[in-house]
Amino acid sequence: MASITPPTNTPMGTVNAEFCSTNLWARIGTVDGLKYLSKHFQIIIFSRDELKQYEMEKKFDLKKHKNLRFFLGDIRDKDRLKYAFKDIDIVLHAAALKQVPRAEYNPIEYIKTNVLGAQNIIECALETNVE
């Protein structure tokens, strides 16, 4: 199993992950942390939230960070996930709908995203040899 460990002499700031919306929108630690990772790894931001992707894209010079790619998509769309997983080694998944009052009113949508979407990610990872 691969692991991502920055060199000890590289200041990355606090590494945490914030995931929003129903898809893989990630902001890893500080912007500097993601800039570091995108220099050493292929990073794909997969989300159906085009505004958040646009805002994130503005923070990066994509000519400089060629390993950073943005995919619009939904984890409920297995074909799009498979396409995004091509040539990928590791997937970090934390996409979920989490507002309880909305879940009570829209339970089927929450099941589709939180359960079936997670199942799609697992199945696509297995089918494309992603860890």
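I started at R76 and D74, whose side chains meet in a salt bridge with 3.8 Å from N to O. For the record, I call it a salt bridge when a side-chain nitrogen of Lys or Arg is within 4 Å of a carboxyl oxygen of Asp or Glu. The model is predicted, so I note the rules: local features need pLDDT of at least 70, side-chain atom pairs count only at pLDDT 80 or more, and totals for chains, interfaces and linings use all residues. Residues are numbered from 1 along each chain as its sequence is written, and side-chain values use heavy atoms, with hydrogens and water left out.

Next I looked up accessibility for this pair. My classes are buried for under 20% relative accessible area, exposed for over 50%, and partly exposed in between (1.4 Å probe, protein chains only). D74 comes out buried at 16%, while R76 is partly exposed at 28%.

How many salt bridges are there by this rule? I get 8.

I then went to E109 and K112, which form one of them at 3.5 Å, N to O. These two sit 3 residues apart in helix α5, so about one helical turn separates them. My helices (H or I, at least four residues) and strands (E, at least two) are DSSP runs, numbered from the N terminus. Both ends are partly exposed: E109 has 32% relative accessibility and K112 has 34%.

Another entry is K82 with E127, where the closest N and O atoms are 2.8 Å apart. This pair links distant parts of the chain, with K82 in helix α3 and E127 in helix α5 (residues 107–127), 45 residues apart. I have K82 as partly exposed at 32% and E127 as partly exposed at 44%.

Last, the rings. I found 1 aromatic pair in the structure. The partners are F71 and Y83, edge-to-face, 5.8 Å centre to centre and 65° between the planes. Rings of Phe, Tyr and Trp (its six-membered ring) pair if their centres lie within 6.5 Å; planes under 30 degrees apart are stacked, over 60 edge-to-face, and the rest tilted.

Which parts does this pair tie together? F71 is in strand β4 (residues 68–72) and Y83 in helix α3 (residues 78–84), so the contact ties parts 12 residues apart in sequence. F71 is buried at 9% relative accessibility, whereas Y83 is partly exposed at 45%.
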